[in-house]
Amino acid sequence: ALRQTLRDGGLSIAYQAQVDVRTGRVVGIEALARWTHPDLGEVPPTRFIPIAEDGGMIVQLGGWILRKACRDVASIQRALGRPLRVAVNVSPHQFRSTGWLGEILGALHDSGLDASQLELEITESILMDDRPDATDMLHAIRRLGVSIVVDDFGRGYSSLAYLSRLPIDKIKIDRTFVQELVAGGEHAPVVDAIIVMAHELGMTVVAEGVETAEQERYLRDRGCDEMQGFYYSRGVP
């Protein structure tokens, strides 16, 4: 069904706002793949993304998301009359594909989006790949002017070695830490440490999964730079 949907263009993208904590303005949006099947109904990304990866479709899927997201945000920012960033998730399979850098260049060229307005969200598993080609790809992406974001930080390997030696612009605190975040709670010291560490390394910090005023207030008081979550908006067309 997923192969058929990719052939027929049956996927869509929702965009979730990323808010600057200091100004309260929407400064970016994250592109989130969506699939509504006539028989299966709403198929969540947690179900179809692993299928795309296992079935060899993730490079095609990811390339489509990248191109459409760049076109959409270029159109949105023209309507707004001000710049806007777009964040696109990257699978390890995409990252290691030979044509990935060309895909990025093509998406930017075709959409007219400036490289500084594109953020690529990668997993910690990519950063833990010690092969020279993986490191070279990160630096090549950075030379284009595209930002590199570590998604779901704290949930995976969380090796601190790569933070200082690789070109990383932004860290996203995993939603599992944010959802149970209260002053004095067990996750609070972890969140505090991530924010301080990232700032010392010159990185921006984003908290994802913010759903309550209490969570927002805590993160604001600790100096978190940006937030996203249902507190502000769900993903919208």
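Colleague: How many residues of β6 are buried?

Modeller: Strand β6 spans residues 147–153, where helices (H or I, at least four residues) and strands (E, at least two) are DSSP runs numbered from the N terminus. Buried means under 20% relative accessible area, exposed over 50% and partly exposed in between, with a 1.4 Å probe and protein chains only. β6 is largely enclosed by the rest of the structure, because its buried residues number seven of the seven.

Colleague: What pLDDT do local features need in this model?

Modeller: Residues are numbered from 1 along each chain as its sequence is written, and side-chain values use heavy atoms, with hydrogens and water left out. As the model is predicted, totals for chains, interfaces and linings use all residues, side-chain atom pairs count only at pLDDT 80 or more, and local features need a pLDDT of at least 70.

Colleague: Which residue of β7 stands opposite Phe 153?

Modeller: β6 has a parallel pairing with strand β5 (residues 118–122) over four bridges, two strands being paired if DSSP finds at least two bridges between them. In that pairing, Leu 120 faces Ile 148 of β6. β6 is also parallel to strand β7 (residues 170–173), over three bridges. There, the residue opposite Phe 153 is Ile 173.

Colleague: Asp 152 is not a glycine; what is its positive phi?

Modeller: Asp 152 lies in strand β6, and it counts as buried because its relative accessibility is 18%. Beyond its neighbours within four places in sequence, Asp 152 touches Glu 124, Lys 172, Asp 174 and Glu 208, contact meaning heavy atoms within 4.5 Å. Although Asp 152 is not a glycine, its phi is positive, at about 55 degrees.

Colleague: What distance separates the C-alpha atoms of Glu 180 and Glu 208?

Modeller: Glu 180 is placed in the loop between α9 (175–179) and α10 (188–200), and its relative accessibility of 51% is why it counts as exposed. Apart from neighbours within four places in sequence, Glu 180 contacts Glu 186 and His 187. Glu 180 and Glu 208 are 28 residues apart along the chain, and the separation of their C-alpha atoms is 12 Å.

Colleague: Which residue in the turn of the hairpin of β1 and β2 has a positive phi?

Modeller: Strand β1 (residues 11–20) has nine of its ten residues buried and is therefore largely enclosed by the rest of the structure. β1 runs antiparallel to strand β2 (residues 26–37), to which nine bridges join it; Ser 12 is opposite Arg 34, and Leu 11 has Trp 35 as its bridge partner. The two strands form a hairpin with five residues between them, and the turn residue with a positive phi, about 80 degrees, is Gly 24.

Colleague: Which residue of β9 stands opposite Val 19?

Modeller: β1 also pairs with strand β9 (residues 226–228), in the antiparallel sense and over two bridges. In this pairing, the residue opposite Val 19 is Met 227.

Colleague: Which residue in β4 is the bridge partner of Gly 28?

Modeller: β2 is mostly covered, with nine of its twelve residues buried. With strand β4 (residues 85–89), β2 pairs in the parallel sense over three bridges. In β4, the partner of Gly 28 is Arg 85.

Colleague: Is the crossing of α3 and α5 left-handed or right-handed?

Modeller: Helices α3 (residues 58–80) and α5 (residues 100–111) pack at about 25 degrees with axes 9 Å apart; axes are lines fitted to C-alpha atoms, for helices over the stretch in contact, and angles run from 0 to 180 degrees between N-to-C directions. The helices are therefore roughly parallel, a term for angles under 35 degrees, against over 145 for roughly antiparallel, 65 to 115 for roughly perpendicular and the rest for oblique. A crossing is left-handed if the near helix is turned anticlockwise from the far one by less than a right angle, and right-handed if clockwise. The crossing of α3 and α5 is right-handed.

Colleague: Which residues of α5 make the contact with α3?

Modeller: From α3, the contact involves Gly 63, Leu 66, Arg 67, Cys 70, Arg 71 and Ala 74. From α5, the residues are Trp 100, Glu 103, Ile 104, Ala 107 and Ser 111.
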